[in-house]
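Subject: Structure handover

Hello,

Please find the structure below. My notes on it follow.

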Amino acid sequence: MIIIGIVLATIASFIASAVIYALPPVSTLIAQKSRPRPGVPVPAQIGSVVLRSLLTAGLLAGLMVAANWHGTGVGALLGLSLAILPAVLLFGSVIHEGTAVPVAAIHLTDWIVKLIITGAAVGLFL
């Protein structure tokens, strides 16, 4: 059952991210302020998002199993608590790399949503 939870969490995370970045104000801001890496084909970018979502779902599942935690609420709270990690990384990108604050805020929002959804989806199967 845990594999089903990981797969479904990966799919849900990918869809949530696609919805966030498809919102007109978000896509406009990202297009204006972000500097995409040249030469990375769209399929590779999509594959990267799926792989990161899969790894995140696996991490959340592993932590929940190790702690003997069960349920969607616990999973969502664990996901929310892990949002500190992308927050720290994005804060560093703003300070050290000059990433625009609105762009970092969008990426952080995306990660918070994905982590909560992923934790809840994984918790549903534990």
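Helices are DSSP runs of H or I with at least four residues, and strands are runs of E with at least two, both numbered from the N terminus. This is a predicted model, in which local features need pLDDT of at least 70 and side-chain atom pairs count only at pLDDT 80 or more, while totals for chains, interfaces and linings use all residues. Residues are numbered from 1 along each chain as its sequence is written, and side-chain values use heavy atoms, with hydrogens and water left out.

Asn-68 sits in the loop between α3 and α4 (72-82). Asn-68 is not a glycine, yet its phi is positive, at about 60 degrees. Its relative accessibility is 57%, so Asn-68 counts as exposed (exposed is over 50% relative accessible area, buried under 20% and partly exposed in between, with a 1.4 Å probe and protein chains only).

Ala-57 belongs to helix α3 (residues 42-67). Ala-57 is buried because its relative accessible area is 0%. Beyond its neighbours within four places in sequence, Ala-57 is in contact (heavy atoms within 4.5 Å) with Ile-6, Ala-9, Thr-10, Thr-118 and Val-122. Val-122 is 65 residues away from Ala-57 along the chain, and their C-alpha atoms are 7.0 Å apart.

Asp-110 is part of helix α6 (residues 101-124). With a relative accessibility of 3%, Asp-110 also counts as buried. Not counting residues up to four places away in sequence, Asp-110 touches Ser-17, Ile-20 and Tyr-21. The side chains of Asp-110 and Ser-17 make a polar contact at 3.0 Å (a pair of N or O atoms within 3.5 Å; within protein, one must be able to donate a hydrogen and the other to accept it, and residues adjacent in sequence count only if both atoms are side-chain atoms).

Lys-114 lies over the face of Trp-111, 4.1 Å from the ring centre (the rule asks for NZ of Lys or CZ of Arg within 6 Å of the ring centre and within 35 degrees of the ring normal).

The lining of the largest pocket has 36 residues, and Tyr-21, Ser-48, Val-49, Arg-52 and His-107 lie nearest its centre. At least two lining residues come from each of α1 (2-22), α2 (24-33), α3, α5 (84-97) and α6. The largest share, eight residues, is supplied by α3.

Regards

How values were computed: On a 1 Å grid over the protein atoms alone, a cavity is a set of points where a 1.4 Å probe fits but cannot get out, and a pocket is an open set with protein on both sides within 12 Å along at least five of seven lines; lining residues have an atom within 4 Å of a point.
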